Amino acid sequence: MPTVSIGRDRLFEALGRTYAQEEFEELCFSFGSELDDVMLDVDFVVDDKSCNGRLKLIRRSLVGRVEDINGPGPSSPIVWTDAKLASEPNLEDGGVSLSSSDDDVELIGGFIIWESSEAYSESDAASCQQEGLSNSELSLIANSMPIRCVMPLFADQQVGLGGLNKTTEKAIVRKEKHLEEEAMDDEEVIYKIEVPANRYDLLCLEGLVQSLRVFSGVDQIPVYSMAKISRESMLKMHVKPETSRIRPFVVCAVLRGITFDLARYNSFIDLQDRLHQNICRRRTLVAIGTHDLDTLEGPFTYEALPPSDINFVPLKQVKSFRASELMEFYKSDMKIKKFLHIIEQSPVFPVLYDRNRTVLSLPPIINGAHSAITLKTKNVFIECTATDLTKAKIVLNTMVTMFSVYCEKKFEVEPVEVIESNGESNIYPVLSSYSMKVPLSYINGIVGASLEAYKVADLLNKMQLRAKQSVLADESCYLNVSVPPNRSDVLHPCDVAEDVAIAFGYNEILKRKPQSLKPLPLSQFSDLLRMEIAMAGYTEVLTWILCSYKENFPMLKRKDDKSTAVTIGNPRSSDFEVVRTSLMAGMLKTIGHNKDHPKPIKIFEVGDIAVLDKSNDVGARNHRQLAALYCGSNSGFELIHGLVDRIMEITGTAFVLSGDNSGYYIEESDKPEFLCKRQASIIYKGKHIGIFGVVDIEVLGNFGIPDPCSFVELNVEDLL
């Protein structure tokens with residue numbers, strides 16, 4: 001689940017009271033979130049001898065982004081990176097990240113590492129070597145990371161977060177003034193709060209505070225409204241037909257009379273970053289652009305043009321670039337280069353213009369510098385371009401509902417009319433609540449408690465869901481639930497029931513075992529078999545149900561007839577390419593990884609395999625199998641044979657002569673994974689259910705097993 005880092009003091013100020021840490025942990029737990037960690041906000045000070053000056057990194061209170069840079073540094077903007085080493089350096093401290101955001105600095109063996117657009121020169125290397133970095137370490141760092149500067153820390157300074165020792169700038173000043181005995185009570189404490197993955201409204205301080213205040217009964221549920229302006233007076237966004245080739249959707253809104261301070265501004269930017277990483281899927285589905293409306297003039301147009309036709313000054317730059325040049329320019333930017341692939345190969349790029357052909361943004365890459373938001377911005381224009389319209393609406397609603405609290409007219413949003421290329425017109429955002437009828441019996445059944453309707457309504461109100469009781473003609477009780485625009489996670493009555501359970505308290509729900517809950521006969525039988533085989537001296541193992549194609553077929557000397565194995569489409573790893581059709585490969589692999597274990601090794605497994613079956617609706621069918629393996633100085637064939645007889649004995653099946661269908665018997669088989677003349681098929685009531693024998697020497701070699709082994713595998717379901 002996502003974790004939100006928030007300054008404790010600002011959080012408590014917004015909540016209107018202070019909490020002891022244990023008390024706040026209890027509040028978070030009762031709300032359905034968790035206080036994951038508590039850490040100090042640190043000012044890092046390093047002596048930048050290789051750059052002939054001092055560089056001060058101030059870690060911002062909200063999420064840990066580098067906020068302010070003092071000192072010489074490179075003349076061009078510094079790009080902070082969280083890139084990791086290609087291989088772990090042989091340094092005492094290893095690599096420790098100093099921040100939790102995308103904009104990171106690295107601490108490598110006592111050295112601060114960062115990147116800038118300046119070239120890494122030989123003089124830099126010489127400076128670093130003077131500070132104690134060996135040639136091998138310098139070579140590893142320079143070749144493995146896009147490094148532009150390496151700075152040694154103060155010899156007596158220890159820098160770190162969490163469980164590491166903490167030395168801040170204030171602590172260094174105290175030390176220089178011989179005030180080491182002073183406490184660190186003035187240091188900012190950061191709360192890292194884990195929130196549900198689909199609660200996008202909790203990804204910023206504003207949404208979290210609002211939810212906790214409503215949950216605690218301090219505030220009422222906010223009512224979001226649209227500014228009452230005529231359709232003719234609305235700002236308009238015209239969509240050109242060419243956008244359908246790359247990024248077809250756009251939704252917009254305006255926050256009028258908003259008041260920013262530094263903390264609010266940082267929170268506004270951070271929410272965009274978190275949404276981009278979460279529901280926006282790294283900007284592939286939705287890209288958010290925010291602009292100072294007072295620097296622009298409507299109406300706006302959303303177009304898709306060849307890269308050579310787009311020319312503007314991007315954010316944090318001073319010169320103009322063509323879009324094609326920007327693709328090359330940002331390939332060295334550790335943050336933005338991750339998004340270039342989204343549009344880089346397209347013949348047209350999406351772009352937004354105002355009435356004067358001023359570029360607002362080149363989504364999903366970068367905004368224009370002309371309309372950049374500052375602390376003095378009063379009117380914010382928000383546009384979300386997307387390949388998924390539903391997610392674009394959710395993202396826009398989240399942005400405006402969270403920050404309309406700072407508008408002159410609280411919780412009021414100005415709409416924008418989007419005119420599609422086909423002439424269809426839509427007004428965004430859509431802030432109307434939608435209603436849902438949920439039976440009280442359904443909620444009580446899901447939660448597992450007997451709650452009265454008024455109690456359920458109160459619990460839902462605590463979760464920002466307005467609920468009223470209603471009784472139908474058949475005297476069945478329903479709850480009319482109104483879902484606000486900031487609760488996009490509520491899609492189904494089961495989501496309503498979940499909120500009731502959270503507000504009621506999971507610890508308050510009595511544990512009970514449903515009367516209808518009974519184990520399946522196959523599961524009961526499997527457990528009995530496990531117990532009997534364990535008492536025979538075998539140890540149970542549990543192996544992967546997925547395996548490589550090579551392990552399932554060639555390594556067992558089996559041929560793939562293309563009608564047995566379920567193959568995984570686009571596997572992430574060659575170790576998991578097919579669903580196993582036998583337990584044999586996994587057990588041999590287990591022995592191969594434990595061949596130095598004292599002999600004999602006796603293991604077994606009761607598990608499922610899967611085979612293709614066109615008669616089944618999913619095209620495949622599971623089978624419960626039992627397998628056992630003996631590995632020792634001799635093959636142990638007679639021991640495996642004895643285990644087969646024991647299994648049949650406990651199932652009440654008698655050994656009979658060949659051809660008699662009243663019991664079981666064995667007959668010669670010829671499978672390539674076993675030695676010839678040292679294997680047999682198991683026939684149970686006239687049906688072949690398994691095989692056992694001495695494993696072939698070549699198969700053992702394929703799994704790296706030097707000792708002889710015997711193996712048995714049979715179908716458990718056939719014994720029921």
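**Salt bridges in a predicted model**

R580 is buried, and E605 is buried too, where buried means under 20% relative accessible area, exposed means over 50% and partly exposed is in between (1.4 Å probe, protein chains only). This is a predicted model, so local features need pLDDT of at least 70 and side-chain atom pairs count only at pLDDT 80 or more, while totals for chains, interfaces and linings use all residues. Residues are numbered from 1 along each chain as its sequence is written, and side-chain values use heavy atoms, leaving out hydrogens and water.

**The buried pair**
- R580 and E605 meet through their side chains in a salt bridge at 3.3 Å, N to O; the term stands for a side-chain nitrogen of Lys or Arg within 4 Å of a carboxyl oxygen of Asp or Glu.
- This pair links distant parts of the chain, 25 residues apart: R580 sits in the loop between β30 (578-579) and α15 (584-593), and E605 in strand β31 (residues 601-612).
- Helices (H or I, at least four residues) and strands (E, at least two) are DSSP runs, numbered from the N terminus.

- E540 is in strand β28 (residues 539-540) and R530 is in helix α13 (residues 521-535), so their contact ties together parts 10 residues apart in sequence.
- E540 is partly exposed at 37% relative accessibility, and R530 is partly exposed at 22%.
- D560 pairs with K562 in a salt bridge, with the closest N and O atoms 3.4 Å apart, and K562 is exposed at 65%.

**The wider picture**
- Searching the whole structure turns up 34 salt bridges.
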